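I set out to record what I looked up in this structure, entry by entry. The sequence and the model come before the notes.

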Amino acid sequence: MPGSDGSTAPTTYRRRSSAKADTGARRVLVTGWFSFLHGEATAGDLLALDRVRELLCGAAVPHDVAWSPGFRPEGPSLEDTRPEDYSHVLFVCGPAHGAQVEDLHRRYRDCVRIAVGNSVLDAEDPAVHGFHHVLARDAPDTVPTLDLAARAPSPQAHPVVGVVLTQGQHEYGPRRQHERVAEFVTRWLNGRDCACLELETRLDPHDWRLCTTSGQLESVLARCDLVVTDRLHGLVLALRAGVPALAVDPVAGGAKVTAQARACGWPALLPAERLDTPALDWWWDWCLTSGRALAEHTADGFRRDGAADGADGLLRLLDATR
């Protein structure tokens, strides 16, 4: 734990004289709140884990990571591990507090237990006292250290996908396929390696989760790599921003989404009746490659007033009917 002088030497709350000396013959088990069945895995926790694993791999320290079966069912979980296989247990990031941390001490009582990058709320907490060493990021009356996530290795970049779906539009009656389309598309998206942003074209000045102006929404869409939508304006606003849209028409037989894709000259459209994973995968790849240039070209066409819309004849009609 950092001392009041800013040093980062660990404070040992408890050290057992019976700790194993044959550390070279055993492995290290890396744990955290991401290991507990009723814990949680946060982006910060997993980046902190990456920081620790980078150091362990660089020093050729053999180790395993214990995962919550609710987060990574493929494991290994804490229940899958045998305490006798490990000389050390590391507890990475998050608060050193609570019954689950205390259970960790009991299960791995014969291992050297080290907490690293944690928040210490109370140095006398049994969860804290159970560690042989605590390298805290913050604790009462100490100088805080940098969170482990800050120096974690940079992850691979992933596509940012705006998702604009609706389960309304009851005016289409029995032709509506909205619920089935939304369920199929979101299940498919859950299997893609991407960062999804659920977006809504509805504006509301009283709901902080929604945009207040169309300009705010367009600013978000412009920062996406792709928009997946079953809404007419999800398609049009994405193309206005020069962002490719993978559109699905949720109305059997096609309706306004199909009509608007045709008006825009946009090919990445699937009808509800032919919605399947291979087709979604194909258009996904197209949107993130060739579709980028076509989306930018379409946005340029909108700005140049190259295509007619219903307002072009409005003034003539007003003049003729006055």
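**Entry 1. Basis.** I worked from a predicted model, in which local features need pLDDT of at least 70 and side-chain atom pairs count only at pLDDT 80 or more, while totals for chains, interfaces and linings use all residues. Residues are numbered from 1 along each chain as its sequence is written, and side-chain values use heavy atoms, with hydrogens and water left out.

**Entry 2. First sheet looked up.** I took helices (H or I, at least four residues) and strands (E, at least two) as DSSP runs numbered from the N terminus, and I counted two strands as paired if DSSP finds at least two bridges between them. I found an open sheet of five strands with parallel pairing, in the order β2-β1-β3-β4-β5. Its edge strands are β2 and β5 (133-138), each of which pairs on one side only. Neighbouring strands here are turned by 15 degrees against each other on average, direction ignored; axes are lines fitted to C-alpha atoms, for helices over the stretch in contact, and angles run from 0 to 180 degrees between N-to-C directions. I noted that β4 (residues 112-119) and β5 pair in the parallel sense over five bridges, and that V116 has L135 in β5 as its bridge partner. Helix α2 (residues 99-107) lies across β1 (27-32), β3 and β4, and runs at about 170 degrees to β3.

Entry 3. Five strands form another open sheet, with parallel pairing and the order β7-β6-β8-β9-β10. Because β7 (195-198) and β10 (269-271) stand at the edges, each with a single partner strand, one side of each is left without a neighbour in the sheet. Neighbouring strands of this sheet are turned by 20 degrees against each other on average, direction ignored. I traced four bridges between the parallel strands β6 (residues 160-164) and β8 (residues 226-229); V163 has V228 in β8 as its bridge partner. Helix α4 (residues 178-190) packs on the sheet and touches β6, β7, β8 and β9 (245-249), its direction making about 150 degrees with that of β9. Contact means heavy atoms within 4.5 Å. Helix α7 (residues 256-264) also packs on the sheet, touching β9 and β10, at about 140 degrees to the direction of β9.

**Entry 4. Aromatic rings.** Rings of Phe, Tyr and Trp (its six-membered ring) pair if their centres lie within 6.5 Å; planes under 30 degrees apart count as stacked, over 60 as edge-to-face and the rest as tilted. By this rule I count 10 aromatic pairs. W33 and F36 form an edge-to-face pair, 5.1 Å centre to centre with 90 degrees between the planes. Both W33 and F36 are buried, where buried means under 20% relative accessible area, exposed over 50% and partly exposed in between (1.4 Å probe, protein chains only). W188 and W284 are also edge-to-face, at 5.5 Å and 85 degrees. This pair links distant parts of the chain, with W188 in helix α4 and W284 in helix α8 (residues 277-287), 96 residues apart. I found W33, F36, F91 and F131 in one aromatic cluster.

**Entry 5. A loop residue.** I located E84 in the loop between β2 (63-65) and β3 (86-92). E84 is partly exposed, with a relative accessible area of 44%.
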